[in-house]
Amino acid sequence: MWDRLKKKSQECREFQEALENASTAALVAAAREPLLAALPVARQEHAASCEECSAAVEELLAARVLMSALPAHSKTAAPWFAARVMAAIAAKESELRRAGSPWAAVPRFASRLALASAATLLVVSTWVYERPANAPSKQISAEAAPESLFDSSQPALSQDDVLVSLAERAQ
Amino acid sequence: MPRVPKLEPVRLPPSGEGVPARPGKQQEAAHDRELVRAAQADDKEAFEELVRRHQHRVMAVAGGILRRREDAEEIAQQVFLKAYFSLKRFDQRAAFSTWLYKITVNECWDMLRKKKVRPLVYESDLSEEQAHQVLASEEKGSTAPDISERLEAKQRVERLLEGLDERDRLMLILKEVEGFAIEEIAEVVNLNANTVKVRLFRARRRIVALARKRGD
């Protein structure tokens with residue numbers, strides 16, 4: 001009993017495989033007879049005796065009828081498709097070439113460059129503006145300062161100067 | 001009452017209608033290898049030839065995932081651009097077609113992630129011209145063009161396909177709509193051929209059961 005079942009399932013599997021191969025090769029896809037005719041005789045006999053495999057044939061044909069409602073996209077490739085691809089490649093290549101040149105960095109850093117220039121300009125202009133305003137105020141503060149007993153304009157002698165002047169005196 | 005599409009026998013050539021016939025896979029792969037070598041040496045014509053040879057299949061895979069012609073075309077272009085700029089790194093250990101399919105699948109999932117939509121959207125695959133025809137026929141109340149019927153049938157099938165796992169859905173579309181061979185589907189979904197056969201068998205069973213349940 002078990003052996004018979006095992007044998008049957010093996011035959012069914014072989015039938016299904018043969019059916020799959022035949023379905024690729026069969027010219028008339030949605031008709032039972034030509035499809036079965038494409039199978040080896042042993043498989044045809046099996047289909048006649050096995051309900052499950054006979055149903056499998058029907059299912060294959062029904063699925064084909066259903067699927068025939070879908071359009072095949074392989075047919076829709078336009079004749080100029082290859083030319084369009086090559087044009088896109090050429091455009092991409094020139095874009096990459098442009099990206100490789102040193103001037104290509106300029107637009108990339110343009111915004112940062114503009115920002116840095118603006119900041120530098122601001123700092124320099126502030127400094128330039130503040131400079132003449134500070135100079136007279138220093139002069140005024142020097143004039144306004146009280147007179148000292150010591151002449152502050154003369155720089156203080158350093159220790160070296162003192163030693164040098166002593167040496168000169170000794171000579 | 002819902003309109004039922006006409007069920008007519010579908011004629012499919014051995015390798016699929018929309019897909020150019022493939023004489024010998026090994027021969028093709030050898031030719032691809034030559035073209036890839038030439039393209040790696042900056043021969044643009046060789047690359048253009050590769051595009052021409054594979055555009056239908058790339059479109060089919062992209063269309064199988066995205067289900068919109070415009071998206072499929074956009075992705076197909078991106079795939080070839082990506083392939084061109086990474087071609088020097090491609091060591092030809094795998095077939096060029098396998099490599100291309102992988103890029104296609106990845107690009108499609110990226111697009112879906114970015115758009116945050118499900119692979120099946122109920123949008124028309126009709127061109128603008130066809131859409132105008134549908135509108136015009138509706139306005140006139142004409143009986144002639146069955147575009148709206150076809151559109152309805154298409155949407156019904158897409159709804160049914162939503163009941164399948166994403167990979168099973170892609171396999172079924174590639175097999176039954178685009179006419180891919182089992183080995184090619186195996187390349188696309190990165191499974192072995194026997195697994196593809198078993199999963200296709202189950203996917204068909206499921207979609208037919210769903211259709212019967214919904215009364216389509």
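Visitor: Among contacts in chain A between residues at least 6 apart in sequence, what share join residues at least 24 apart?

Guide: In this predicted model, 48% of those contacts in chain A do. For chain B, residues 24 or more positions apart account for 64% of the contacts with a separation of 6 or more.

Visitor: What elements make up the secondary structure of chain A, and what elements make up that of chain B?

Guide: Chain A has 7 helices and 0 strands, and chain B has 9 helices and 0 strands. Read along the sequence, chain A follows the pattern α-α-α-α-α-α-α. Chain B runs α-α-α-α-α-α-α-α-α from its N terminus.

Visitor: How much of chain A counts as buried, and how much of chain B?

Guide: Buried residues make up 19% of the 171 residues in chain A. In chain B, 36% of the 216 residues count as buried. The label requires 20 or more other C-beta atoms within 10 Å of a residue's own.

Visitor: Why is Asn190(B) counted as exposed?

Guide: A residue with 12 or fewer such neighbours is exposed. Asn190(B) has 11 inside 10 Å, so the label applies. Asn190(B) lies in the loop between α8 (182-189) and α9 (193-214) of chain B.

Visitor: What is noted about the phi angle of Gln92(B), and about that of Asn190(B)?

Guide: Phi of Gln92(B) is near 65 degrees, a positive value in a residue other than glycine. Phi of Asn190(B) is near 60 degrees, again positive in a residue that is not glycine.

Visitor: Where does Ala95(B) lie, and what makes it partly exposed?

Guide: Ala95(B) lies in the loop between α3 and α4 of chain B. It has 16 other C-beta atoms within 10 Å, so it is partly exposed.

Visitor: With which residues is Ala95(B) in contact, leaving aside its neighbours within four places in sequence?

Guide: They are Ala29(B) and Asp32(B). The C-alpha atoms of Ala95(B) and Asp32(B) are separated by 8.1 Å, and the two residues stand 63 apart along the chain.

Visitor: What describes the packing of α2(B) with α4(B)?

Guide: The two helices pack at an angle of about 35 degrees, with their axes 10 Å apart. α2(B) passes α4(B) in a right-handed crossing. The residues of this contact include Leu50(B) and Ala62(B) of α2(B), and Phe96(B) and Met111(B) of α4(B). By class, the contact divides into 12 nonpolar, 3 polar and 1 charged.

Visitor: What angle is given for α7(B) and α8(B)?

Guide: Helix α7 (residues 166-176) of chain B packs with α8(B) at about 145 degrees, with the axes 10 Å apart. α7(B) passes α8(B) in a right-handed crossing. Arg167(B), Leu170(B), Met171(B), Leu174(B) and Lys175(B) of α7(B) meet Ile185(B), Val188(B) and Val189(B) of α8(B). This contact has 6 nonpolar, no polar and 2 charged residues.

Visitor: Which residues touch the most other members of the largest nonpolar core?

Guide: Ala62(B) and Ile207(B) do, in a core of 67 residues. The largest share, 10 residues, comes from helix α2 (residues 44-66) of chain B. The core also draws at least three residues from each of domain 1 (8-69) and domain 2 (78-137) of chain A.

Visitor: What is in contact with Ile207(B), apart from neighbours within four places in sequence?

Guide: Ile207(B) is in contact with Ala63(A), Leu66(A), Leu160(B), Leu161(B), Leu164(B) and Leu172(B).

Visitor: How many residues of chain A are in contact with chain B?

Guide: 36 residues of chain A are in contact with 49 residues of chain B. The elements giving two or more residues to the chain A side are α1 (2-25), α4 (51-67) and α5 (81-100) of chain A. That side has 23 nonpolar, 6 polar and 7 charged residues.

Technical notes. Residues are numbered from 1 along each chain as its sequence is written. Chains are lettered from A and ligands numbered from 1 in the order in which they are written. This is a predicted model: local features need pLDDT of at least 70, side-chain atom pairs count only at pLDDT 80 or more; totals for chains, interfaces and linings use all residues. Two residues are in contact if their C-beta atoms, placed from the backbone, lie within 7 Å. Helices (H or I, at least four residues) and strands (E, at least two) are DSSP runs, numbered from the N terminus. Ala, Val, Leu, Ile, Met, Phe, Trp, Tyr, Cys and Pro count as nonpolar, Asp, Glu, Lys and Arg as charged, and the others, Gly among them, as polar. Axes are lines fitted to C-alpha atoms, for helices over the stretch in contact, and angles run from 0 to 180 degrees between N-to-C directions. A crossing is left-handed if the near helix is turned anticlockwise from the far one by less than a right angle, and right-handed if clockwise. A nonpolar core is a set of buried Ala, Val, Leu, Ile, Met, Phe, Trp, Tyr and Cys residues joined through C-beta atoms within 7 Å. Domain bounds come from an automatic or database domain assignment.
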